[in-house]
Amino acid sequence: MIRLGLLLLVLPILVLLSVYFWELGDVRACHLERGYWNYLESACRETPQPFVSWLERSPLLVNGGMLLSVVGLVMCMVGFYTKPR
């Protein structure tokens, strides 16, 4: 149970960070070309675009990842609390 809990604790965080930095690379490339990033369409534009947070764009990914991490934390705590068989 501890191994599965650790996997659920760490894996969603790594996925969220990977997706975040992937998008950040696209945003930085757009800014280096003197453009403005459109967060809703994931495209570089010539005119200024409003900022839309990641939580508003993909709430299932963010909330689901955090929920899986909490479940993993609880599983780790239960695994450490119970005696091994």
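Q: What pattern does the chain follow when read along the sequence?
A: This is a predicted model, in which local features need pLDDT of at least 70 and side-chain atom pairs count only at pLDDT 80 or more, while totals for chains, interfaces and linings use all residues. Residues are numbered from 1 along each chain as its sequence is written, and side-chain values use heavy atoms, with hydrogens and water left out. The chain has three helices and two strands, where helices (H or I, at least four residues) and strands (E, at least two) are DSSP runs numbered from the N terminus. Along the sequence, their pattern is α-β-β-α-α.

Q: What is the radius of gyration of the chain?
A: The globule rule, 2.2 Å times the number of residues to the power 0.38, is set against a radius taken over C-alpha atoms. For 85 residues the rule gives 12 Å, and the chain is well over this, so it is more spread out than a compact globule, with a radius of gyration of 18 Å.

Q: Which helix gives the most to the nonpolar patch?
A: The patch includes Leu4, Leu7 and Leu61 among its residues. Five residues of the patch come from the helix that spans residues 2–32, which is helix α1.

Q: Is Leu7 buried, partly exposed or exposed?
A: Leu7 is found in helix α1. Buried means under 20% relative accessible area and exposed over 50%, with partly exposed in between (1.4 Å probe, protein chains only). Because its relative accessible area is 49%, Leu7 is partly exposed.

Key:
Patches are made of residues with over 30% relative accessible area and no salt bridge: like charges are joined within 9 Å, nonpolar side chains (Val, Leu, Ile, Met, Phe, Trp, Tyr) within 5 Å. Accessible areas come from the Shrake-Rupley method with a 1.4 Å probe; for residues, only the protein chains shown count as cover. A salt bridge is a side-chain nitrogen of Lys or Arg within 4 Å of a carboxyl oxygen of Asp or Glu.
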